[in-house]
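Hi,

Here is the model I said I would pass on.

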Amino acid sequence: MEVEIDYLAIGKRIRTARLSKKMTQETLSNMIDVAPTYVSSIENGHTKLSLATLLGIAQSLDTTVDQLLYDNTPVLVSKFDADIKELTSDCSNQEKEFLLEIIKSTKNALRNYKLGK
């Protein structure tokens, strides 16, 4: 299976995360031990970055790799999905159906409440 990677989208997410930390490209480049021009090239989608560089960027920006890759990995299970699966793993089918109805009702109530404001 060939997965196409959108390096421009990844670069934009890196830039957004960096700017939210009020960090310059030079600061980030010093933290991951690369040239500032390399960080610029990554953010502009002009270069492919290694897994080690991606991990270093994520750690330096206090984010996760999946947040930087979001929309680029077709099978990405969110933390919430994993938590829900774990919470319901020991439930019977009847209990799961009951919980599903509660979630649906809560979602509708939340959306109706937001619309009322």
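Below is what turned up when I went through the salt bridges.

A word on the ground rules first. This is a predicted model, so local features need pLDDT of at least 70 and side-chain atom pairs count only at pLDDT 80 or more, while totals for chains, interfaces and linings use all residues. Residues are numbered from 1 along each chain as its sequence is written, and side-chain values use heavy atoms, with hydrogens and water left out.

The structure has 4 salt bridges, the term meaning a side-chain nitrogen of Lys or Arg within 4 Å of a carboxyl oxygen of Asp or Glu. I'll go through three of them here.

Let's start with Glu43, which sits in helix α3. Helices here are DSSP runs (H or I, at least four residues), numbered from the N terminus. Glu43 pairs with Arg18, and the closest N and O atoms are 2.6 Å apart.

Glu43 counts as buried because its relative accessibility is 0%. Arg18 is at 6%, so Arg18 counts as buried as well. Arg15 comes out at 24% and therefore counts as partly exposed.

As for the surroundings of Glu43, its contacts (heavy atoms within 4.5 Å) are Leu8, Gly11, Lys12, Ile14, Arg15, Arg18 and Gln25, leaving aside residues up to four places away in sequence.

Over in helix α7 there is another pair. Glu101 forms a salt bridge with Lys104, the closest N and O atoms being 3.8 Å apart. Both residues lie in helix α7 (residues 93-116), 3 residues apart, which is about one turn of the helix. Glu101 has a relative accessible area of 42%, so Glu101 is partly exposed; Lys104 is also partly exposed, at 42%. Back with the other group, shared partners join the salt bridges of Arg15, Arg18 and Glu43 into one network.

Cheers

Definitions and conventions
Buried < 20%, exposed > 50% of the residue type's maximum accessible area, 1.4 Å probe, protein only. Helix = DSSP H or I, 4+ residues; strand = E, 2+ residues; numbered from the N terminus.
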